[in-house]
Amino acid sequence: MKYYKLALVGATGLVGRTALKVLEEYHLPISEYVFFASKKSAGTTIHFQGKDYVVKELTENSFDEGFDFAIFSAGSDTSKHFSPIAASKGCIVVDNSSAFRMDPKVPLVVPEVNSEALQHHNGIIANPNCSTIQAVVPLKILDNAYTIKRIIYSTYQAVSGAGQKGVEDLIHGIKGEAPKKFPHSIVNNCLPHIDVFLENGYTKEEEKMILETRKILGKPHLKITATTVRVPVINCHSESINVAFEKNFDIVELKQLLEKANGIIVQDNGAENLYPLATNANGHDEVFVGRIRRDFSIDSGINFWCVADNIRKGAASNAIQIVKKLIEMHVS
Ligand SMILES: NC(=O)c1ccc[n+]([C@@H]2O[C@H](COP(=O)([O-])OP(=O)(O)OC[C@H]3O[C@@H](n4cnc5c(N)ncnc54)[C@H](OP(=O)(O)O)[C@@H]3O)[C@@H](O)[C@H]2O)c1
């Protein structure tokens, strides 16, 4: 059996630390690991798989020693500069940042949805935005069956989506401290503002959801709109998704399709107060779907509620599932 060597860039961050946990759970055939961060954390120790590893500073020479894979979770400036260097040394980069997602030469992959896109890459594979990943898992199943013609996203996104500093804004804000990461206090507020505002009135997060969904589903002209909102929840994004279909559907069959799908857990029983919750999705890799009901205001459409762990399925786990898939597909 072949064993691989993996670099984890941003190993000390929120996504990086979760990636360490997921790597311990997944038992991939990886025999060598090197953990990178910025100068700030270089020299600190990470305990992983029963051993202590010293975190190294990421430099332009970091990839000279040779790696099969590198998972980057260190922001888009770091990815833009260092991913091409890693790829040029023969390493396949799976990048969690937004740096390359819309590059037509870079596959944007959610393994349950479009793993075939992994066959053709130039050394860099992009992990989609967390709010997009959890949405496209059920949407792909529905598109295959009923052909989606329009999507309306309304999101309720956890503070962990803004990294460690986002989490600290909520925790410290509860104690009365002023926000450092968000423009307003996230305590007792929902902020309809994630990432920067664009000239057209949308935010960058909303634009990411629209463009990335089209790319992953392979439907460049799909009608999509989005409102993305930060809410005072530590972890796990929740989303209300309204979908219009080309074809008619039977609501019982539609639910059964989602129940049978890989990577989805349906929790949908109002009589028992059963629906997806952030606290239940926390720590899981599946996408939780519920409140599935016909939208009576259009000819053929539904509303549903979708919750997932944004740090796991929305970032770390999806990236590691991509590495797993590449190994299984013998893609090099
Ligand atoms: N949080 C989410 O839900 C989520 C979801 C999807 C994607 N992402 C993406 O994943 C990335 C990391 O997010 P996060 O939430 O983990 O952020 P975070 O908690 O702020 O962690 C950032 C990590 O990047 C490292 N880093 C920063 N500058 C670096 C540099 N110049 N060279 C090497 N390492 C550097 C930091 O190391 P130090 O300890 O040395 O500072 C730290 O390990 C971002 O690109 C983000 O957009 C996040």
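Student: Are α1 and α9 parallel, perpendicular or oblique to each other?

Tutor: Keep in mind that this is a predicted model. The axes of α1 (residues 14-26) and α9 (residues 312-329) cross at roughly 45° and come within 9 Å. The two helices are therefore oblique to each other.

Student: And which hand does the crossing of α1 and α9 have, left or right?

Tutor: Right-handed, with α1 passing α9.

Student: Which residues make that contact?

Tutor: On α1 they are V15, T18, A19, V22, L23 and Y26, and on α9 they are R312, A315, A316, S317, A319, I320 and K324. Sorted by class, the contact of α1 with α9 has nine nonpolar residues, two polar and two charged.

Student: OK, what about α4 and α9, at what angle do they pack?

Tutor: About 85°, with the axes of α4 (residues 130-146) and α9 8 Å apart. At that angle α4 counts as roughly perpendicular to α9, because the range for that label is 65 to 115 degrees.

Student: Who's touching whom between α4 and α9?

Tutor: C130, I133 and Q134 come from α4, while α9 brings K313, G314, A315 and N318. In the contact of α4 with α9, three residues are nonpolar, three are polar and one is charged. A315 is also part of the contact that α9 makes with α1.

Student: Now α4 and α6, how do their axes cross?

Tutor: At roughly 40°, and the axes of α4 and α6 (residues 204-217) come within 10 Å. That makes α4 oblique to α6. The crossing is right-handed.

Student: What residue classes does the contact of α4 with α6 have?

Tutor: Six residues are nonpolar, three are polar and five are charged. Among the contact residues, K140 and D143 sit on α4, and E205, K208 and E212 sit on α6.

Student: Switching to the big picture, how is the protein divided into domains?

Tutor: Domain 1 covers 4-127 + 315-329, and domain 2 covers 131-309. Their centres, taken over C-alpha atoms, are separated by 25 Å.

Student: How many residues of each domain are in contact with the other?

Tutor: 12 residues of domain 1 are in contact with 15 of domain 2. On the domain 1 side, α3 (111-114) and α9 are the elements that give two or more residues. α3 gives the most, with three. By class, that side of domain 1 has five nonpolar residues, five polar and two charged.

Student: And the ligand, where does it lie relative to domain 1 and domain 2?

Tutor: Between them, because both domains give residues to the shell around the ligand.

Student: Which residues come nearest to the ligand?

Tutor: G10, G13, S41, A74 and G163, out of 30 residues around the ligand.

Student: Which elements supply at least two residues of that shell?

Tutor: α1, β2 (30-37), α2 (76-88), α5 (163-174) and α9. Of the elements, α1 gives the most, with three residues.

Student: So how do the residues of the shell around the ligand divide by class?

Tutor: 18 are polar, 11 are nonpolar and one is charged.

Student: Remind me, where does α9 turn up in all this?

Tutor: In several places. α9 packs against α1 and against α4. α9 also gives residues to the side of domain 1 that touches domain 2, and to the shell around the ligand.

Terms used. Residues numbered from 1 in each chain as written. Predicted model: local features only at pLDDT ≥ 70, side-chain atom pairs only at ≥ 80, totals over all residues. Axes fitted to C-alpha atoms, helices over the stretch in contact; angles between N-to-C directions. Helix = DSSP H or I, 4+ residues; strand = E, 2+ residues; numbered from the N terminus. Parallel < 35°, antiparallel > 145°, perpendicular 65-115°, else oblique. Left-handed = near helix turned anticlockwise from the far one by under 90°. Contact = placed C-beta atoms within 7 Å. Nonpolar A, V, L, I, M, F, W, Y, C, P; charged D, E, K, R; others polar. Domains from an automatic or database assignment. Near = placed C-beta within 6 Å.
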